[in-house]
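Trainee: Hi! I'm new to this one, could you walk me through it?
Mentor: Happy to, let's open it up.

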Amino acid sequence: MHQPLALQPLASNSATDILAIANNPVLWICVAGVFGVIIIQSAIFMKAARRAAPSVEMSSQDIKTSFRSGAVSAIGPSLAVSLVAIALLGLFGAPAVLSRIGLIGSAAYDVSAAGIAAGSMGAKLGDASYTQSVFAVAFFAMSIGGAMWMLATLILTPLLRKGDAKIRSVNPAAMAIVPAAALIGAFSCLGLTELPKSWIHVLSFLVSAAVMGLCLLLANKLGKSWLREWGLGFSIVIGLGAAFFAAGA
């Protein structure tokens with residue numbers, strides 16, 4: 001959140017060489033700190049999961065399977081964010097992209113926030129009016145928004161945990177249904193919003209769904225549990241391939 005403040009003394013009101021300030025060593029140090037925190041958090045969460053596993057009757061093999069499934073499930077979202085991040089490197093520079101889009105994962109929000117901030121200074125992202133000072137203000141706006149997301153998570157998570165415990169005490173079966181229903185609803189919404197864009201989106205959606213369904217069917221028929229873990233990865237890659245060849249046809 002304080003990264004753009006470090007840029008203010010270095011920013012020029014007229015210079016348009018954004019990368020000269022976007023690749024400032026101060027920002028690279030901040031990026032290293034951000035990823036250091038991510039690595040530490042990941043290690044803490046993995047250790048906590050292993051410690052809590054016996055209380056929910058999970059074996060060590062179940063834990064390994066869940067970790068692999070999580071890693072495979074992250075391929076699609078990570079690939080999408082990476083492609084957007086590469087496209088935005090020239091606009092925001094590597095440190096800003098790594099610390100903002102790579103961490104929060106919402107390229108749409110960050111670009112919108114930066115565009116509004118630039119517009120408040122009478123500038124536009126990417127054109128001659130996009131000076132170093134405008135970049136500093138845009139980056140600050142992006143960072144403020146991301147900080148609020150993190151604070152909201154920090155504050156609301158304990159409250160939601162209390163609600164979870166209350167519901168479990170009243171109806172334990174409900175908490176077995178609610179998370180699954182929430183995931184199905186969220187991913188269905190994300191997929192269905194893409195369908196009106198073009199027939200290629202529809203094709204990619206249908207191919208991905210068919211591949212995922214086939215992987216689950218084969219996993220049940222053949223007893224190959226690894227197909228459940230890799231099914232999402234297969235569906236993403238094959239869906240992207242179908243969209244690529246359809247676009248070139």
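**A first look around**

Mentor: To start with burial, 27% of the chain's 249 residues are buried. Keep in mind that this is a predicted model.

Trainee: Okay! How many helices and strands does the chain have?
Mentor: There are 11 helices and zero strands. Reading from the N terminus, the elements go α-α-α-α-α-α-α-α-α-α-α.

Trainee: What share of the contacts join residues at least 24 apart?
Mentor: Counting contacts between residues at least 6 apart in sequence, 65% join residues at least 24 apart.

Trainee: Let's go inside. Which residues touch the most other members in the largest nonpolar core?
Mentor: Phe92, Tyr130 and Phe135 do, in a core of 21 residues. Helices H2 (18-22), H5 (75-92), H6 (94-104), H7 (107-120) and H8 (132-170) are the elements that each give two or more residues to this core. H8 provides the largest share, five residues.

Trainee: Tell me about phenylalanine 92, what is it in contact with?
Mentor: Setting aside neighbours within four places in sequence, phenylalanine 92 contacts Ala22, Val97, Val111, Ala114, Leu125, Tyr130, Phe135 and Met142. Two of those partners, Tyr130 and Phe135, also belong to the trio that touches the most other core members.

Trainee: Switching topic: which residues does UniProt annotate as "transmembrane region"?
Mentor: The unreviewed UniProt entry gives that annotation to residues 26-49, 70-92, 134-160, 172-193, 199-218 and 230-248.

Trainee: What does the chain look like over residues 134-160?
Mentor: That stretch is 100% helix and 0% strand, and its end C-alpha atoms are 39 Å apart. Residues 230-248 are also 100% helix and 0% strand, with 27 Å between the end C-alpha atoms.

Trainee: Which residues form the nonpolar patch on the surface?
Mentor: Phe140, Ile144, Met148, Trp149, Leu151, Leu154, Ile155, Leu156, Leu159 and Leu160 form it, and together they have about 960 Å² of accessible area. One of them, leucine 159, lies in helix H8.

Trainee: Now some single residues. Is threonine 131 buried or exposed?
Mentor: Threonine 131 counts as buried because its relative accessibility is 9%, and the cut-off for buried is under 20%. You'll find threonine 131 in the loop between H7 and H8. Its C-alpha is 7.2 Å from that of aspartate 17, although the two are 114 residues apart in sequence.

Trainee: Why does serine 112 count as partly exposed?
Mentor: Serine 112 has a relative accessible area of 43%, so it falls between the 20% limit for buried and the 50% limit for exposed. This serine 112 is part of helix H7. From serine 112 to alanine 138 it is 26 residues in sequence and 9.8 Å in space, C-alpha to C-alpha.

Trainee: One more: where is arginine 68 found?
Mentor: Arginine 68 is in helix H4, residues 60-73. With 38% relative accessibility, arginine 68 counts as partly exposed.

Trainee: And how far apart are the C-alpha atoms of arginine 68 and tryptophan 226?
Mentor: They are separated by 9.3 Å, while the two residues are 158 apart along the chain.

How values were computed: Residues numbered from 1 in each chain as written. Predicted model: local features only at pLDDT ≥ 70, side-chain atom pairs only at ≥ 80, totals over all residues. Heavy atoms only, no water. Core = buried A, V, L, I, M, F, W, Y, C linked by side-chain atoms within 4.5 Å. Buried < 20%, exposed > 50% of the residue type's maximum accessible area, 1.4 Å probe, protein only. Helix = DSSP H or I, 4+ residues; strand = E, 2+ residues; numbered from the N terminus. Contact = heavy atoms within 4.5 Å. UniProt positions renumbered as here; feature names shortened; annotations may be inferred. Patch = residues over 30% accessible without salt bridge, like charges linked within 9 Å, V, L, I, M, F, W, Y side chains within 5 Å. Areas by Shrake-Rupley, 256 points an atom, 1.4 Å probe, with all protein chains shown as cover. Salt bridge = Lys/Arg side-chain N within 4 Å of Asp/Glu carboxyl O.
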